[in-house]
Each structure stands twice: as structure tokens, then as C-alpha cells.
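Hi,

Here is the structure I promised to pass on. Have a look at it first, and then read my notes below.

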Amino acid sequence: MTMADRSEEFDDLEGFFRAARAETPEPSGRLMDRILADAAAHQPRPAAHPAVRQGARAPGRRPAEARRTGRGFWQRLLPGIGGPGVVAGLACSAVAGAWIGFAQPAPIAGLASQMTGQTASLDQVDLIPAMDSYLTADAGD
Amino acid sequence: MPYDALTEAPDEALLVLYANGDGAAARVLTGRLTPRVLRYAARLLSDPAEAEDVAQEAMLRLWKIAPDWRQGEAQVTTWLYRVVTNLCTDRLRKRRSVGLDATPEVEDDRPGVVARMQEDDRAKALQAALGRLPERQREAVALRHLEGLSNPEIADVMEISVEAVESLTARGKRALAADLAGRREELGYDDG
């Protein structure tokens, strides 16, 4: 086969492709309905969806099961306070605060000294000086 | 978001809206993507009923993956073409395993074809010839010459290199040309 023959064949092929592109199956209304029904059935429900507020339950999960696992409460609470990431951050801060309070690492004690002008450990720093006198006065009454 | 604005939105944005509970986004995506998915499935399977099933299954997988869709990683259409390719491959494999023909013969030998020489007959002849191609060549040729994808896009869909795509389409076209060569006259290519 010569190059010219091959080129002619491929030109013909383009004619076949053009004809095939022009003849395309259109989706039937029934197929579109089936696909839209699937979309509705699998669409995620937003946490603050009105149906949830009105007490309607999500398909596939029974209220008793939700109560038993406790997930219903957390699923409603978490989005309200910013999601699991925010809760993790809060928990981390709380643990770090407790640790600093108990361990009193030297850099923190130094910082406290600079800020308060006292060379005392953190448990002796009086952060609310007026509170003692208030409590004393209150106890005295 | 107003429906008119949705029709202008890219596929990926619509998928995110759908995942956030926007029902109108699902309607726009269905109207936009289903014809392409159905057309490609029909090219690979040569069976309209099976192609409809594949189109529905592919769209169902799209709805299911929507909440976990990683933005910017792949185009929605590329992902869908890949899903359709895999679903069709499974179906063709099952056909073979139960002893059926790899592709049902498309009716392309009706009397009167020679006289009418219509585009319709050329389309049917091509579909029949496509059905006789090896699967990977059929996928590459259909994506390139019927769906209009670029070679890098086809490489993404088929998860092969661009060079492999070029090789598959070249071999596929050669085989198609040889297959259709005997029918050039009756389909109106040697009129003079």
C-alpha cells in the first residue's frame, strides 16, 4: 500500500467518524429520572437541614441506635462548635495548660517573674490580688 | 444559587454544591454528563440497553464519591470516562465468559444500503467495525475520534502513557480502515 492509498483510507475513515459523531444516542427521560432518583437518594444531608431540626430521622439509622451509640448528639454538636478539628485543638490546649500548671517548666517561671516582678513559683503568683481580700472580708462577715 | 448560574458553573463546583445538599446542582450535572457517559458506553458495548445501565451505574458512583471528591486532582469527566471504561470492560468480560460474542453484530448488511448510501449506514458500519476491534484500541479510538478527547486526557482515562495512546489509536485506525475498505464502494466513497 502506498502512502497515498493509506492517506485516502484515513480520509475515508474521518467520514465514518463524522457520521458516527452525528448519530449519538440521546438519554431517555426514564434514564434521566432514574439517575436523578439515585442523586436524591445519595445526596448528603447538611447538619442544619430543616428536616433534621423538625425531628425527621436520616434514612438507614434508627433513633434508638443513634441514642445507644451517642453519635446523634455529637453529630449535632460538632458542626455547631466548628467541627472535630476545633474540638481537637481545644482538647490539646486544655492538656497543655494542665501540664504547664503542674510541671511549671523553667522558661514559664522565668516569664512569670519578668511579668510580675516577683521571683516566685507559679502557684504563688497572685493573678487576682483583690480576690484574697474580698474572700477574707466575706469570711469575716 | 440560581439555576441559570449553575448551568455556567464547572463540573467540580457543581459536585461540591451537590455534596452540600444542592439538588439543582444534581440536575445540571445529570443533564450535562449523562449524554456523554451514555454515548461512550454505547460505543464500547454496541448495546443501547446495557449502555443505559452502565450510564446509570457510573452516575451513581459519582453521587457516592461526591462528599469525598478531592478538588483539583482529576477532572470529573476524566474520572467518569475511566469509570465507564472499567464498567464496560467488566461487562465485555462477562459476555465472553458466558460464551456470547464479544460484541453483538450491529445490523449493517440490510438490503438497500448500496442504493441509499446514507450517513446513517456509515455510522452503523463504523460501530460494527469498532465492535470488532480489541478493547483497548476501541476505547482509545472512541475517546479520540468520537468523544474528542486529547491524547493526554485519554492517557489519564486509560491510565497509560501518551505514547501508548498514540500507538493504540494508530493501530485501531489501521484496523478500522482495513475492515471498512471492502465497503467503501457500497457506502459511497467510490462514486467517481
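On the chain B side of the interface, 38 residues are in contact with 30 residues of chain A, where contact means C-beta atoms, placed from the backbone, within 7 Å. Before you go further: this is a predicted model, local features need pLDDT of at least 70, side-chain atom pairs count only at pLDDT 80 or more, and totals for chains, interfaces and linings use all residues. Residues are numbered from 1 along each chain as its sequence is written, while chains are lettered from A and ligands numbered from 1 in the order in which they are written.

The elements of chain B that give two or more residues to this side are helix 2 (11–19), helix 3 (23–45), helix 4, helix 7 (119–131), helix 8 (135–146) and helix 10 (162–181). Helices here are DSSP runs of H or I with at least four residues, strands are runs of E with at least two, and both are numbered from the N terminus. Helix 3 of chain B gives the largest share, nine residues. By class, the chain B side divides into 21 nonpolar, eight polar and nine charged residues; Ala, Val, Leu, Ile, Met, Phe, Trp, Tyr, Cys and Pro count as nonpolar, Asp, Glu, Lys and Arg as charged, and the others, Gly among them, as polar.

Helix 2 (residues 29–42) of chain A packs with helix 4 (residues 48–65) of chain B at an angle of about 20 degrees, their axes 9 Å apart. The axes are lines fitted to C-alpha atoms over the stretch in contact, and angles run from 0 to 180 degrees between N-to-C directions. That makes the two helices roughly parallel (under 35 degrees; over 145 is roughly antiparallel, 65 to 115 roughly perpendicular and the rest oblique). Chain A brings Leu31(A), Arg34(A), Ile35(A), Asp38(A), Ala39(A) and His42(A) to this contact, and chain B brings Glu52(B), Ala55(B), Gln56(B), Met59(B), Leu60(B), Trp63(B) and Lys64(B).

Pro35(B) sits in helix 3 of chain B and touches Glu26(A) and Pro27(A), leaving out residues up to four places away in sequence. Pro35(B) counts as partly exposed, with 16 C-beta neighbours inside 10 Å (20 or more other C-beta atoms within 10 Å is buried, 12 or fewer exposed, and in between partly exposed).

As for chain B as a whole, it has 10 helices and zero strands, and buried residues make up 41% of its 192 residues. Nine of the 12 residues of helix 8 of chain B are buried, so this helix is largely enclosed by the rest of the structure. Among the buried ones are Val141(B) and Leu143(B), along with Arg138(B) and Glu139(B). After helix 8 of chain B comes Gly148(B), with a positive phi near 80 degrees.

Ser46(B) has a positive phi near 55 degrees and lies in the loop between helix 3 and helix 4 of chain B. Glu159(B) also has a positive phi, near 55 degrees, and belongs to the loop between helix 9 (151–158) and helix 10 of chain B. Buried or exposed? Ser46(B) is buried, with 21 other C-beta atoms within 10 Å, whereas Glu159(B) is exposed, with 10.

Cheers

Definitions and conventions. Two residues are in contact if their C-beta atoms, placed from the backbone, lie within 7 Å.
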